[in-house]
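Hi,

Here is the structure I promised to pass on. Have a look at it first, and then read on for what turned up.

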Amino acid sequence: MSAVANLAADAWSSMLRVLLHYRRSPGLLAVSLAVPVLMVVVFGYVFGSAITVPGADTGASGVPGASGAGPVDGYREFLMPGLFAMVAVNGIMPTMVGAARDVGRGVTDRLRSMAVSRTGLLLGQTLADLLVSVVVLALLAAVGLVVGWRIRGGPADALAAFGLLLLFRFAMTWVGLLLGLAVGKEEAAGQLVVAVFPLAMVTNAFVPTGGMPGWLAAVAEWNPMSAVVQAGRDLFGNPSAPAAAWPMQHAVPATLLWCAVLLLVCGPFAVRKFATHGT
């Protein structure tokens, strides 16, 4: 078999291994599906009544009533791209914990002793996560439609938005793999998960950056997740608050650039760490 065929076969086997883990752990899949629904309820209904978003009453088109019946509905349209991006960022967590668990239980050492493609094994894990994330994003979109979120751009733009979200999730899984392999202990990886929350919270996902202190707004606007959120709002046609930073003004190119950087940095280092673990 050619090198490409070997890589594809190993990636397929690795992907099935991860998916079987989900099948044997229905609670894990249930949590993955339930969390997005809870986020819509908590942020959309509990926080929505207390947060005012410039332009949320009129929507991205500037037409009164375009985004819903009032400020709360408008906030939900502002919110949903942020929740989509949170799902993408959360790709760090399961892959990081899973990679650390495999290291701690000796699975990584057994896999390394086999004549298999190191890249293929890790690629399979990321592809399995990508399949699960498609289901989670679809469920979250359905819940969003129920609570008043609408896609106000064209179908092609909407598909492009979901494509960017999946690409960012794919990049995040490689970040998670690298961190999990570096940590090497499931318990430590579980504790490291809390470091993901600042990445998700110091962004434009839930509130406009205009109300933040200047230095914090700059950090938020240059956060990779903020570019993904802004790209989603632009492509879905949802309301967004003005921001002057380059990633906010050019959200789609910025998202592609961030994804390329993360993949080019974390991908090779993760493969190298996997191949040299314990040596």
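Let me start with the disulfides: the structure holds 0 of them, a disulfide being a pair of cysteine sulfur atoms within 2.5 Å. As for cysteines, Cys259 is buried at 1% relative accessibility, and Cys266 is buried too, at 9%. Buried here means under 20% relative accessible area, exposed means over 50%, and partly exposed is in between (1.4 Å probe, protein chains only).

Some background before the rest. This is a predicted model, where local features need pLDDT of at least 70 and side-chain atom pairs count only at pLDDT 80 or more, while totals for chains, interfaces and linings use all residues. Residues are numbered from 1 along each chain as its sequence is written, and side-chain values use heavy atoms, with hydrogens and water left out.

The overall picture: the protein chain has 13 helices and 0 strands, taken as DSSP runs numbered from the N terminus (helices are H or I, at least four residues; strands are E, at least two). Of its 279 residues, 49% count as buried. Among contacts (heavy atoms within 4.5 Å) between residues at least 6 apart in sequence, 80% join residues at least 24 apart. The chain exposes about 12600 Å², of which carbon and sulfur atoms supply 71%; accessible areas come from the Shrake-Rupley method with a 1.4 Å probe, and for residues only the protein chains shown count as cover.

Two loop residues may interest you. Ser117, in the loop between α5 (107-112) and α6 (118-147), is buried at 19% relative accessible area. A polar atom of its side chain lies 2.9 Å from the backbone nitrogen of Gly120, and Ser117 also touches Leu7 and Asp10, leaving aside residues up to four places away in sequence. Asn238 sits in the loop between α11 (224-236) and α12 (246-249) and is buried at 1%. A polar atom of the Asn238 side chain lies 2.9 Å from the backbone oxygen of Arg150.

Finally, the surface. Trp222, Trp246, Leu257, Val261, Leu264, Val265 and Phe269 make a nonpolar patch of about 720 Å². Helix α13 (residues 251-276) gives the most to this patch, with 5 residues. Phe269 is in helix α13 and counts as partly exposed, at 49% relative accessibility.

Best wishes

Note on methods
A polar contact is a pair of N or O atoms within 3.5 Å; within protein, one must be able to donate a hydrogen and the other to accept it, and residues adjacent in sequence count only if both atoms are side-chain atoms. Patches are made of residues with over 30% relative accessible area and no salt bridge: like charges are joined within 9 Å, nonpolar side chains (Val, Leu, Ile, Met, Phe, Trp, Tyr) within 5 Å. A salt bridge is a side-chain nitrogen of Lys or Arg within 4 Å of a carboxyl oxygen of Asp or Glu.
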